[in-house]
Amino acid sequence: MHALGIELAQLLRAGDLLVLTGPLGAGKTTLTRGIGEGLEVRGPVTSPTFVLARTHPSLVGGVPLVHVDAYRLSNALELDDLDIDFARSVVVVEWGGGMLDGVAESWLEVEIVRPTGASEGAAEPESDADEPRTVTVTAFGSRWQS
């Protein structure tokens, strides 16, 4: 997931919004960490669960990364209330499915599916970190039209 984030970062520019969905442990924050590395932002990129949103400025004069955890938000208005600079940042929203009504005209939905039960009986709790994931990216809006 980290390597995919680094690759994905090469396609992103200011104003881009990504919505990450997937179960706990699927790799949403790991993907975002890779995006942060690819964008060369100040880190570390960690889950913003308790602060809701964290901005990581660029270390190289590029676009900042805004990392949002929308798990505790209930609607698009609450997301909008965070006063995020969508136009001048790359914004990654974990758990943001269904919260973009009126917030953005274009975005990427990134769905991460992790095999269930793959790590049952594993010797180490972290041993599932390299489990294969299925990632589906769906583009919405004019920004992503070819």
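## Surface and burial

The chain has an accessible surface of about 8,100 Å². Carbon and sulfur atoms hold 51% of this surface. Such areas come from the Shrake-Rupley method with a 1.4 Å probe, and for residues only the protein chains shown count as cover. The chain has 146 residues, and 40% of them are buried. Buried means under 20% relative accessible area, exposed means over 50%, and partly exposed lies in between (1.4 Å probe, protein chains only).

This is a predicted model: local features need pLDDT of at least 70, side-chain atom pairs count only at pLDDT 80 or more, and totals for chains, interfaces and linings use all residues. Residues are numbered from 1 along each chain as its sequence is written, and side-chain values use heavy atoms, with hydrogens and water left out.

## Layout of the chain

The chain holds three helices and six strands. Helices (H or I, at least four residues) and strands (E, at least two) are DSSP runs, numbered from the N terminus. Starting at the N terminus, the order is α-β-α-β-β-α-β-β-β.

Contacts (heavy atoms within 4.5 Å) reach across the sequence. Take the contacts with a separation of 6 or more: 63% of them join residues 24 or more positions apart.

## The sheet

Six strands build an open sheet. Their order is β2-β3-β4-β1-β5-β6, with mixed pairing. Two strands pair if DSSP finds at least two bridges between them. The edges are β2 (53–56) and β6 (134–140), and each pairs on one side only. From one strand to the next, the twist averages 15 degrees. Axes here are lines fitted to C-alpha atoms, for helices over the stretch in contact, and angles run from 0 to 180 degrees between N-to-C directions.

In general, strands of a sheet pair through backbone hydrogen bonds, either parallel or antiparallel. The pairing of β2 with β3 (residues 65–69) is antiparallel and spans four bridges. Here H56 stands opposite L65 in β3.

## Nonpolar cores

A nonpolar core is a set of buried Ala, Val, Leu, Ile, Met, Phe, Trp, Tyr and Cys residues joined through side-chain atoms within 4.5 Å. The largest one has 18 residues. Inside it, L18, I35, L39, L65 and V90 have the most contacts. Another core lies apart from it, with 17 residues, among them V19, A70, L73 and M99.

Leaving out residues up to four places away in sequence, V90 touches L12, R13, D16, L18, L39, V63, P64, L65 and V66.

## Salt bridges

Side chains of opposite charge can pair when their charged atoms come close. A salt bridge is a side-chain nitrogen of Lys or Arg within 4 Å of a carboxyl oxygen of Asp or Glu. The whole structure has three. In one, R143 meets D16, with the closest N and O atoms 2.8 Å apart. This pair links distant parts of the chain: R143 is in the segment after β6, D16 is in the loop between α1 and β1, and 127 residues separate them. R143 is partly exposed at 22% relative accessible area, while D16 is buried at 4%.

D85 and R88 also form a salt bridge, again with 2.8 Å between the closest N and O atoms. D85 is partly exposed at 30%, and R88 is exposed at 60%.

E131 and R114 meet at 3.2 Å, N to O. Both lie in the loop between β5 and β6, so the pair ties together parts 17 residues apart in sequence. E131 and R114 are both buried.
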